[in-house]
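Student: I have a structure to look at and would like to learn how to read it feature by feature. Could you take me through it slowly, giving the general idea before each case?

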Amino acid sequence: MNIYGLIDTLAQIYFYMIFGYVLLSWFPNARESFIGELLAKLVEPYLSAFRRFIPPIGPLDISPIVAMGVFWLVVAGLKVVVGYILRIF
């Protein structure tokens with residue numbers, strides 16, 4: 001596995017963790033389960049940065065959607081930087 005594959009794999013895992021955490025909000029008491037608490041510890045610090053700037057629109061919280069989009073932009077940028085560094089060496 002090359003470095004690009006590793007970055008993609010880790011990014012997909014974290015993306016699915018965010019997605020799963022958002023889905024847990026649809027089910028009552030799901031976030032209080034073991035998996036819900038584990039995902040909250042791993043995902044909530046990232047999402048809270050977006051919740052400070054993007055208020056909910058009624059009952060709809062769009063900050064996770066924006067957070068996922070920004071996440072993929074950061075991953076793409078990371079891959080470009082890693083590619084540049086690997087070409088230097």
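Student: Is S63 buried or exposed?

Tutor: Burial is judged by relative accessible area, where buried means under 20%, exposed means over 50%, and partly exposed lies in between, with a 1.4 Å probe and protein chains only. S63 has a relative accessible area of 0%, and therefore counts as buried. Its place is in helix α3, which covers residues 63-88; helices here are DSSP runs (H or I, at least four residues), strands are E runs of at least two, and both are numbered from the N terminus. A contact means heavy atoms within 4.5 Å, and S63 touches F50, R51 and I54 when residues up to four places away in sequence are not counted.

Student: Before we go on, what should I keep in mind about the model and its numbering?

Tutor: This is a predicted model, in which local features need pLDDT of at least 70 and side-chain atom pairs count only at pLDDT 80 or more, while totals for chains, interfaces and linings use all residues. Residues are numbered from 1 along each chain as its sequence is written, and side-chain values use heavy atoms, with hydrogens and water left out.

Student: At roughly what angle do the axes of helix α1 and helix α2 cross?

Tutor: An axis is a line fitted to C-alpha atoms, for helices over the stretch in contact, and the angle runs from 0 to 180 degrees between N-to-C directions. The axes of α1 (residues 3-24) and α2 (residues 34-51) come within 9 Å and cross at roughly 110°. Angles under 35 degrees count as roughly parallel, over 145 as roughly antiparallel, 65 to 115 as roughly perpendicular, and the rest as oblique, so α1 and α2 are roughly perpendicular to each other. Among the residues making this contact are Y14, M17 and I18 of α1 and L39, V43 and E44 of α2.

Student: Which classes of residue make up the contact of α1 with α2?

Tutor: For classes, Ala, Val, Leu, Ile, Met, Phe, Trp, Tyr, Cys and Pro count as nonpolar, Asp, Glu, Lys and Arg as charged, and the others, Gly among them, as polar. The contact of α1 with α2 has eleven nonpolar, two polar and one charged residues.

Student: How do α1 and α3 run relative to each other?

Tutor: Their axes come within 11 Å and cross at roughly 170°, which makes α1 roughly antiparallel to α3. The residues in this contact include I3, D8, Y14 and I18 of α1 and F71, W72 and K79 of α3. By class, the contact of α1 with α3 has 17 nonpolar, two polar and two charged residues.

Student: How many residues does the largest nonpolar core have?

Tutor: A nonpolar core is a set of buried Ala, Val, Leu, Ile, Met, Phe, Trp, Tyr and Cys residues joined through side-chain atoms within 4.5 Å. The largest one has 18 residues, and those with the most contacts inside it are Y14, I18, V43, L47 and F71. The elements giving two or more residues to this core are α1, α2 and α3, and the largest share, eight residues, comes from α1. Y14 touches L42, V43, Y46 and F71, again not counting residues up to four places away in sequence.

Student: How many salt bridges does the structure hold?

Tutor: A salt bridge is a side-chain nitrogen of Lys or Arg within 4 Å of a carboxyl oxygen of Asp or Glu, and the structure holds three. One of them joins the side chains of K79 and D8 at 2.9 Å, N to O. K79 lies in helix α3 and D8 in helix α1, so this pair ties together parts that are 71 residues apart in sequence. K79 is partly exposed at 26% relative accessible area, and D8 is partly exposed at 28%.

Student: Which residues are linked in a network of salt bridges?

Tutor: The network links E44, R51 and D61. E44 and R51 have their closest N and O atoms 2.3 Å apart, while for D61 and R51 that distance is 2.9 Å. D61 lies in the loop between α2 and α3 and R51 in helix α2, so the pair ties together parts that are ten residues apart in sequence.
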